[in-house]
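Work through the exercises below with the sequence and the structure in view. Each task is followed by a solution in steps.

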Amino acid sequence: MPFLWDKLLRPLAFKMDAESAHERGIRALEAGLAAPFYSEETDPILECSRFGLTFRNPLGIAAGFDKNGVVVEPLARLGFGFVEVGTVTARPQPGNPKPRLFRLPDDNALINRLGFNNDGADVVAARLKLSKACVAGVNIGRNKDVANDDAVENFLEAFRAVRDVADYVTINVSSPNTPALRELQQREHLNELLGALAAENLESDRPKPLLVKIAPDLDDASIESVCDLATTHRLSGIIATNTSTSRDGLTSDVSSIGEGGLSGRPIRRRSTEVIRTIYRYSPRGLAIIGVGGIFTSEDAFEKVCAGACLVQAYTGFVYGGPGFPSRINAGLAAILRERGFSSVDEAVGSSVK
Ligand SMILES: Cc1cc2nc3c(=O)[nH]c(=O)nc-3n(C[C@H](O)[C@H](O)[C@H](O)COP(=O)(O)O)c2cc1C
C-alpha cells in the first residue's frame with residue numbers, strides 16, 4: 001500500500017493546488033474510497049484513558065482537517081484514535097479569499113490562512129449527532145466579524161450548539177488567521193473566556209471535558225499563565241500547539257506566500273518544547289495533547305516523553321497519506337515495547353527532568 005500512495009496518489013494529489021486536493025481527499029474519504037487502507041485492529045498497549053474518555057490509541061487527527069464533521073467515521077477506520085472536528089464558529093463563514101493553503105514540500109510543511117471556513121456550529125452539530133465512530137472532540141472559535149470584546153458571547157453560542165454531541169470541546173484562541181484571536185490568550189481575556197465557558201459547562205447535567213489550544217509562539221511566562229487559568233477554571237487540558245507565524249528555519253522561498261500559519265516539520269521541536277514547559281509547570285493536573293510536526297512514530301513518542309498523553313497530526317497525514325495513522329500507531333507500539341513501557345501512560349513525561 002505505501003507504493004500506491006508514494007508513487008501514484010500523492011504525485012497526482014500534489015499536482016493539484018493544495019485546497020482542491022484537500023477537498024477531493026475529503027470527498028474520497030466520504031465515498032469510502034480509502035477502504036483499502038482501513039486498519040481497525042488495535043494494539044492494546046496503545047489504549048489510554050483521559051478525562052473520562054477511552055481512546056483506542058493516542059493518535060488523533062488535528063483540528064482543521066475535518067472542519068465540518070463529514071468524515072469522522074472514515075478517519076477512525078484509517079486508524080485514528082480520535083478526531084477533532086472544527087474549528088466551527090457560532091455562525092457559518094466562508095473563510096479568507098483563495099489561494100489560502102500552500103505546500104512547502106522541501107520543508108515537509110504547509111502554510112494556511114483558511115480563516116475558519118465552516119458550515120457553522122448548528123449544522124456541524126446536527127451532522128455529528130448521526131455519527132459516533134470514535135472519540136470526537138469539537139474545536140470552537142470566534143467568528144471573524146465579531147470583536148474580541150464580544151468574543152465570550154460568540155464562543156458561548158458555538159459551545160451551546162456543539163456540547164451535546166462533542167466528547168470534549170477545545171477552545172481555540174491560537175489560530176493566526178482570525179484577526180486578533182490570539183490576543184484572547186492574554187491573561188485578562190482568557191480568564192473571562194474560560195470562566196464563562198466553564199460556568200456554562202457546569203450548568204449542564206453532563207459537563208464535557210474542556211481544553212484550550214495554544215500557539216507555539218507564546219513565551220514561557222504566557223504558557224504558565226495559560227496553565228494557571230486552565231487549572232483555576234478546572235479545564236481538562238491544553239492542546240499544544242497550533243500553527244506558527246514564524247518562518248524560521250525554512251529552506252523554501254516563502255516570500256510570495258504572505259501571511260498564514262506554518263505547520264509540519266519546522267514546528268516540531270518548538271511544539272515539543274511547549275509541551276515540556278507545560279508538563280514541567282503542571283505535571284499531573286492538566287492533560288496535554290501534543291501536536292506539531294509529527295511525521296514518524298519517534299516524533300509521536302518524543303511528544304509523549306515530553307509530557308503529552310495524547311497526540312495529534314495534520315500535516316504529516318497530508319504528506320504521509322491514508323496509511324499514516326496505522327503506520328504511526330504500529331511504530332509507536334513497537335517503540336513502547338522496545339523501551340520497556342507497558343502503556344502510553346507509563347511513558348508520559350519520562351524525558352522531563
Ligand atoms: C490546513 C490547516 C488548517 C487548520 N485549521 C485549524 C483549525 O481550524 N483549528 C485549529 O485549531 N487548528 C487548525 N490547524 C492547526 C492544526 O490543528 C495543528 O495544530 C497544526 O497544524 C500543527 O500540527 P501539524 O504540524 O501536525 O500539522 C490547521 C492546520 C492546517 C495545516
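A pocket is an open set of grid points, on a 1 Å grid over the protein atoms alone, with protein on both sides within 12 Å along at least five of seven lines. The model used here is predicted.

**Exercise 1. Describe the largest pocket by its volume, its lining and the elements that form the lining.**

Step 1. The volume of the largest pocket is about 640 Å³.

Step 2. Its lining is made of 26 residues, and Trp5, Ala13, Ala21, Arg24 and Gly25 are the closest to the centre.

Step 3. Helix 1 (2-15), helix 2 (18-30), strand 5 (101-104) and helix 10 each give two or more residues to this lining. Helix 2 gives the most, with 7 residues.

Step 4. By class, the lining of the largest pocket has 21 nonpolar, 3 polar and 2 charged residues.

**Exercise 2. Find which element gives the most to the lining of the second largest pocket, and sort that lining by class.**

Step 1. The second largest pocket holds about 350 Å³ of space. It is lined by 20 residues, with His22, Glu23, Ile26, Asn68 and Asn117 closest to its centre.

Step 2. Helix 2 gives the most to this lining, with 6 residues.

Step 3. The lining of the second largest pocket divides into 6 nonpolar, 5 polar and 9 charged residues.

**Exercise 3. Locate the ligand and describe the space around it.**

Step 1. Searching the whole structure gives 1 cavity of 30 Å³ or more. The volume of the largest cavity is about 450 Å³. Ala63, Asn112, Asn242, Thr243 and Tyr314 are the closest to its centre among the 35 residues that line it.

Step 2. At least two lining residues of the largest cavity come from each of strand 4, strand 6, strand 11 and helix 10 (315-320). The lining has 14 nonpolar, 19 polar and 2 charged residues.

Step 3. The ligand sits in this largest cavity. Two or more residues of the shell around the ligand come from each of strand 4 (82-88), strand 6 (109-112) and strand 11 (261-264).

Step 4. The shell around the ligand has 25 residues, of which Ala63, Thr87, Lys213, Gly293 and Thr315 come nearest. Its classes are 9 nonpolar, 14 polar and 2 charged.

**Exercise 4. List polar contacts of the ligand, using a cut-off of 3.5 Å between N or O atoms, and state how much of the ligand is buried.**

Step 1. Take the side chains. A polar side-chain atom of lysine 67 is 2.8 Å from an oxygen atom of the ligand. For asparagine 139, a side-chain N or O atom lies 3.0 Å from a ligand oxygen atom.

Step 2. Threonine 241 has a backbone N or O atom 2.9 Å from an oxygen atom of the ligand.

Step 3. The ligand taken alone exposes 600 Å², and the protein buries 98% of that.

Note on methods: Residues numbered from 1 in each chain as written. Predicted model: local features only at pLDDT ≥ 70, side-chain atom pairs only at ≥ 80, totals over all residues. Heavy atoms only, no water. Near = heavy atom within 4 Å. Polar contact = N/O pair within 3.5 Å; in protein donor to acceptor, adjacent residues only side chain to side chain. Areas by Shrake-Rupley, 256 points an atom, 1.4 Å probe, with all protein chains shown as cover. 1 Å grid on protein atoms, 1.4 Å probe; cavity = no way out; pocket = protein on both sides within 12 Å on 5 of 7 lines; lining within 4 Å. Sits in = over half its atoms within 2 Å of the grid points. Helix = DSSP H or I, 4+ residues; strand = E, 2+ residues; numbered from the N terminus. Nonpolar A, V, L, I, M, F, W, Y, C, P; charged D, E, K, R; others polar. Points joined across faces, edges and corners; volume = space filled by probe spheres on them.
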